[in-house]
Amino acid sequence: MSLRTIGLALVAGVAAFLLVGVAVTELLAARIEFSLFVGIPAGIVAGAVVTALVALGVGRDDAGARRIAVAAGTFGAAFLVTTVAVAVLVGIGVVLSMAAGVVVGLVAALVGYLRGPGGRSGTPV
């Protein structure tokens, strides 16, 4: 397993952990006093599953699975960079920074998918 595969899997997993953890915590905040105790385990499970799927998908011989795994890793990297940059530079809050990160991440994932193995550029990953 290459360093690039490990990196893609890790950033995709961390992005999934943050997205699911924050979403569950925010959605349950009005109903459960300690919603963080539900959000953190949900985020951990989501992050672990996404990390494993990306790591296994990039290593497969199937070009379609590799393209999806690369797109997930690209989304994770773009999401994390954008969320941190917007939160630090603009200072608009975590949830709005994450929303901006999702938008940028979706665009990056689309580009990563189209440029992946068997995509429009045909470059191997």
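Helices α1 and α2 pack at an angle of about 155°, and their axes lie 7 Å apart. The two helices are therefore roughly antiparallel to each other. This is a predicted model, in which local features need pLDDT of at least 70 and side-chain atom pairs count only at pLDDT 80 or more, while totals for chains, interfaces and linings use all residues. Residues are numbered from 1 along each chain as its sequence is written, and side-chain values use heavy atoms, with hydrogens and water left out.

**Terms for helices and angles**

- Helices (H or I, at least four residues) and strands (E, at least two) are DSSP runs, numbered from the N terminus.
- Axes are lines fitted to C-alpha atoms, for helices over the stretch in contact, and angles run from 0 to 180 degrees between N-to-C directions.
- Angles under 35 degrees count as roughly parallel, over 145 as roughly antiparallel, 65 to 115 as roughly perpendicular and the rest as oblique.

**The chain as a whole**

- The protein chain has 4 helices and 0 strands, and its pattern along the sequence is α-α-α-α.
- Its C-alpha trace spans about 50 × 30 × 20 Å along the principal axes.
- Of the 125 residues, 35% count as buried (under 20% relative accessible area; exposed is over 50%, partly exposed in between, with a 1.4 Å probe and protein chains only).
- Among contacts (heavy atoms within 4.5 Å) with a separation of 6 or more, 60% join residues 24 or more positions apart.

**Helix α1**

- Helix α1 covers residues 3–28, 26 residues in total, and reaches 37 Å from its first C-alpha to its last, close to the 38 Å expected at 1.5 Å a residue (the expected span is 1.5 Å times one less than the number of residues).
- Its buried residues include Thr5, Leu8, Ala12 and Gly21.
- The buried residues of α1 pack against α2 (36–58) and α3 (63–90).
- The crossing of α1 and α2 is right-handed (the near helix is turned clockwise from the far one by less than a right angle; anticlockwise is left-handed).
- With α3, helix α1 packs at an angle of about 60°, the axes being 7 Å apart. That makes α1 oblique to α3.
- The crossing of α1 and α3 is left-handed.
- Where α1 meets α3, the residues from α1 include Leu8, Val11 and Leu19, and those from α3 include Val70, Phe75 and Leu80.

- Helix α2 has 23 residues and reaches 32 Å from first C-alpha to last, close to the 33 Å expected at 1.5 Å a residue.
- Among its buried residues are Gly39, Gly43, Ala46 and Gly47, and the buried residues of α2 pack against α1 and α3.
- Isoleucine 40 is found in α2 and counts as partly exposed because its relative accessibility is 38%.
- The C-alpha atoms of isoleucine 40 and glycine 21 are separated by 5.3 Å, although the residues are 19 apart along the chain.
- Serine 35 lies in the loop between α1 and α2 and is buried, with a relative accessible area of 6%.
- Leaving aside neighbours within four places in sequence, serine 35 is in contact with Thr25, Leu28 and Ala29.

**Threonine 82 in helix α3**

- Threonine 82 is placed in α3 and counts as buried because its relative accessibility is 13%.
- The side chain of threonine 82 reaches the backbone oxygen of alanine 78 at 2.8 Å.
- Not counting residues up to four places away in sequence, threonine 82 touches Ala100, Gly101 and Val104.

Note on methods: A polar contact is a pair of N or O atoms within 3.5 Å; within protein, one must be able to donate a hydrogen and the other to accept it, and residues adjacent in sequence count only if both atoms are side-chain atoms.
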